[in-house]
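The structure comes first, and my entries follow.

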Amino acid sequence: MLLFTPGPTPVPESVRMAMAGPTLHHRTPEFEAIFAEARRRLFELMATDEVVMLASSGTGAMEAAVVNLCHRKLLNVNAGKFGQRFGLIAKAHGLENVEIVHEWNTPAAVDEILEAIRADEAIDALAIQISESAGGLRHPVEEIAAAVKAERPDVMVIADGITAVGVERIDTTHIDALIAGSQKALMLPPGLAILGLSEGAVEKIGSGRGYYFNLASEIRKQQANTTAYTAPTTLIVGLKAILEEIEAHGGLGKLYCDTARRAKATRFALEALGLHSYPKAPARSMTTIDDSDASEIRSLLKSDFGVNVAGGQDHLKGKIFRINQMGLIEPHEMLWVVNAVELALAKLGRRPFDGTAAKVWNETYYKSMLAKSAEAGCGENE
């Protein structure tokens, strides 16, 4: 079975083998050396002034960011399950919040964020997804963050990059907290969350808030290559291994370029079959298709062709399917997936199978490899 859900993603064999070694105690020089190397590599990945690892899902890092960086009122963008979650976290901790709500296919705009901040001086933090995985949407977070900081430098910008870190190079210049999770582009089992923090965020954290998610305690300990509480040792061993594996495959720049090309090729291939891309601003992390036969297509992919893709949630349940683009994915595996979608449509009597999906995918992907990097969807330095 090919796992093509946008998290969890498949764990490479070399990383599984690294995590299968003898269990290490977390308070030993041996583990501290592994922790130090994983942490060193995270600074390159996150491109932030500080990094913190937490034994939790990504939601734990979302909560840690809100609790430590929002002291008065949170502004959150709700364009999916995960944007909604930021507001729920605020309310659970007795924080006021203002919510901007969009359909799950519609990105936030700079002007509406600025309008909300200008209207309420109590807002001291903005929480937004970079890639909202509920609908496969990409918010213009870097542009929004720059505008917010120009207007109100005191507002902390919290960016959920759980399905963006490791997918594309993120400009963190105006971002105070960048969140990542192990089971997405980092191709690890669930259970490890990562926070990249700006100098301004570290200053606002001060002595920290909360107990387990007190980021001041973690910063102090992790700067000494240990953790405040029990470290997820096996996952951190895996983190070091996957970052080394990415480097061995050509580094982060190559990973970002490959992901951009794969995402573009897959979207073009499926649209060539007459399918419709759901988000108005598609994220590179996944291809999301809205279709009246979404459930049937997803079921056929799994039962007949050995491909497991994700469906929709809440009001989109049975109306969309989502195909992962994150991680180290071989071209032949992606071709199998788009070919399987075309075969599923043939089984449903929607169109005859003629190999269109594979042809368009190949043309798009390999033409982009010959084009200049910017034309391929990659930055010049990637």
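I began with P8, which I found in the loop between β1 (2-3) and α1 (13-19), where helices (H or I, at least four residues) and strands (E, at least two) are DSSP runs numbered from the N terminus. I noted that this is a predicted model, in which local features need pLDDT of at least 70 and side-chain atom pairs count only at pLDDT 80 or more, while totals for chains, interfaces and linings use all residues. I also wrote down that residues are numbered from 1 along each chain as its sequence is written, and that side-chain values use heavy atoms, with hydrogens and water left out.

**Entry on the backbone.** I reminded myself that most residues other than glycine have a negative phi, and that most peptide bonds are trans. The bond joining G7 and P8 is a cis peptide bond, with omega about 0°. I then looked up M187, which is not a glycine and yet has a positive phi of about 55°; M187 sits in the loop between β9 (177-181) and β10 (192-197). M187 is buried, at a relative accessible area of 2%, where buried means under 20%, exposed over 50% and partly exposed in between (1.4 Å probe, protein chains only). D314, also not a glycine, has a positive phi near 50°, and I located D314 in the loop between β13 (307-308) and β14 (320-324). D314 is partly exposed, with a relative accessible area of 46%.

**Entry on salt bridges.** Side chains of opposite charge can pair when their charged atoms come close. I counted a salt bridge wherever a side-chain nitrogen of Lys or Arg is within 4 Å of a carboxyl oxygen of Asp or Glu, and the count comes to 24 salt bridges.

I looked at E247 and R41, whose side chains form a salt bridge at 2.6 Å, N to O. Because E247 lies in helix α9 (residues 233-248) and R41 in helix α2 (residues 29-46), the pair ties together parts that are 206 residues apart in sequence. E247 is partly exposed at 48%, whereas R41 is buried at 14%. I also found both in a network of salt bridges that links E37, R40, R41 and E247.

My last pair was R138 and E168, with their closest N and O atoms 3.0 Å apart in a salt bridge. R138 belongs to strand β7 (residues 137-138) and E168 to the loop between β8 (156-160) and β9, so I recorded a link between distant parts of the chain, 30 residues apart. R138 is buried at 14%, and E168 is buried at 12%.
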